[in-house]
Amino acid sequence: MSALNTTQEQLHAAWQALQHQWRASCALWDDPVSRRFEREFWQDFERVVPATMNEMQKLAQVIAQARRNVK
Amino acid sequence: MPVARVQTISTLGDLKSALSRFGGQAQSVLLAAAMEIQRTLDWLQERVAYWQCEVEHRQREVERAQAALAVCERSGYRDRDGHYYQPDCSAQRHAVAQAQARLAEAKVELAKARYWLGQVQQAAAKYGLHADRLKELTTSRNEKAQAFLINVLAELERYLAAEMAAGSAVVSGLVNRMARGTVDLSRGAEWGKFAHGAYEEALEEAFPGQARSEVRVRVTLPDGTQKEGRVDSLLGGTVIDYKTHNLDQLNQDGRLQRALDEIKSQVRAYCTSPDTPPGATAVVLFEFPPADPACRQFVEEYLAADNIQISWGAE
């Protein structure tokens, strides 16, 4: 496993913790202001973080293949 | 209601902390990833350079082996009878074959190193676009998100204090006046006047020297004419308007939107008055929320569209 895999796992764990807190907050904070926060900020997190983790995973696979194939 | 507000304050504080923590973790992850990418690219470039040198070196070995073979092959001779004596060049031929195999191997390794360098560069560039977005999100956007929550927290704390004070004042005042027979709950206008007074007094008690009530301001009507209006309460840059409407009843009668439009128009005129602080924002404190959740959501969203916040009274 490359160092990038470990890094990707750290980001995944941090993202899960943040998502957990967001869901807990939504249960108690449900009004037009929370919906505005979701629109203006949270939706960016949901779009950007998983996409970055996905690309990081692909890059980790390419790096691992390079390490195996190049002498 | 205060319990719900306290829980909201607590959870928003936790959310702000979680955002701050995630920002720090994401920054560390992005830095570690950038270092790993750079290490890999450096290693691949070093491998390309190494195999490039090997190809050149082994090419020279092939040339030397071929030259030795040519010398060997030219060393044959004919005797007086014309017989040709061919020299034994098998060792030189073997050396040429070996050198060519080593050159071919170096060429293959060079091609592989170049291929994987290109693949990693391509994947790193694609990842880099996402990493840049995440970096921006976890720095400036994250700071804005946290600032947004800090503002919401400050507002909630302010309204919680005001609501608690107002609630207790309304209840104690109501009990006293009912005991004296001076409040008749069946008369809406009297109740509205009483509730306004109680809320205003409670706010002034909660924010001594900061909250002002029944503030006379100049307002501009839609036709451009000016008249005098009276703001229920003014707390810093916040215009607070108390309402004792029965929103469920208005909804049933089909008069809800018209009533909300009147409220919007009224508080907008207060907020833009030259006598209220520039950039003043409005909060409408309804005595109680509608029982119908759909009606409540409509009221919240309808007023929020004009940046008018709602504080629900007894819930």
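Axes are taken here as lines fitted to C-alpha atoms, for helices over the stretch in contact, with angles running from 0 to 180 degrees between N-to-C directions. In these terms, and in what is a predicted model, helix α6 of chain B lies across β6 and β7 of chain B and runs at about 145° to β7(B). The three elements β6(B), α6(B) and β7(B) together make a right-handed β-α-β unit, within which five bridges join β6(B) to strand β7 (residues 308-312) in the parallel sense. In this pairing B:Val283 has B:Gln309 of β7(B) as its bridge partner.

Strand β6 (residues 281-286) of chain B is mostly covered, five of its six residues being buried. This strand also pairs with strand β5 (residues 238-243) of chain B, again in the parallel sense and over six bridges, and B:Lys243 has B:Phe286 in β6(B) as its bridge partner.

These strands belong to an open sheet of five strands in chain B, ordered β3-β4-β5-β6-β7 and mixed in its pairing. Because β3 and β7 of chain B stand at the edges with a single partner strand each, one side of each is left without a neighbour in the sheet. Neighbouring strands of the sheet are turned against each other by 40° on average, direction ignored.

The antiparallel part of the sheet includes strand β3 (residues 211-220) and strand β4 (residues 226-235) of chain B, which pair over nine bridges. Along this pairing, B:Arg212 has B:Leu234 in β4(B) as its bridge partner, while B:Val217 stands opposite B:Gly229. The two strands form a hairpin with five residues between them, and in the turn B:Gly224 has a positive phi of about 95°.

Between the chains, 40 residues of chain B are in contact with 35 residues of chain A. On the side of chain B that touches chain A, the elements giving two or more residues are α1 (2-74), α2 (90-180) and α6 (293-304) of chain B, and the largest share, 19 residues, comes from α2(B). By class, this side of chain B has 23 nonpolar, seven polar and 10 charged residues.

In chain A, helix α1 (residues 3-28) has 26 residues, which at 1.5 Å a residue should span 38 Å, and its end C-alpha atoms are 39 Å apart, in agreement with that expectation. The buried residues of α1(A) are A:Leu4, A:Thr7, A:Gln8, A:Leu11, A:Ala14, A:Trp15, A:Leu18, A:Trp22 and A:Ser25. An α-helix has 3.6 residues a turn, so residues three or four places apart point the same way.

Definitions and conventions
Residues are numbered from 1 along each chain as its sequence is written. Chains are lettered from A and ligands numbered from 1 in the order in which they are written. This is a predicted model: local features need pLDDT of at least 70, side-chain atom pairs count only at pLDDT 80 or more; totals for chains, interfaces and linings use all residues. Two strands pair if DSSP finds at least two bridges between them. Helices (H or I, at least four residues) and strands (E, at least two) are DSSP runs, numbered from the N terminus. Two residues are in contact if their C-beta atoms, placed from the backbone, lie within 7 Å. Ala, Val, Leu, Ile, Met, Phe, Trp, Tyr, Cys and Pro count as nonpolar, Asp, Glu, Lys and Arg as charged, and the others, Gly among them, as polar. The expected span of a helix is 1.5 Å times one less than its number of residues. A residue is buried if 20 or more other C-beta atoms lie within 10 Å of its own, exposed if 12 or fewer, and partly exposed in between; C-beta atoms are placed from the backbone. A crossover is right-handed if, with the strands pointing away from the viewer, the path from the first strand over the helix to the second runs clockwise.
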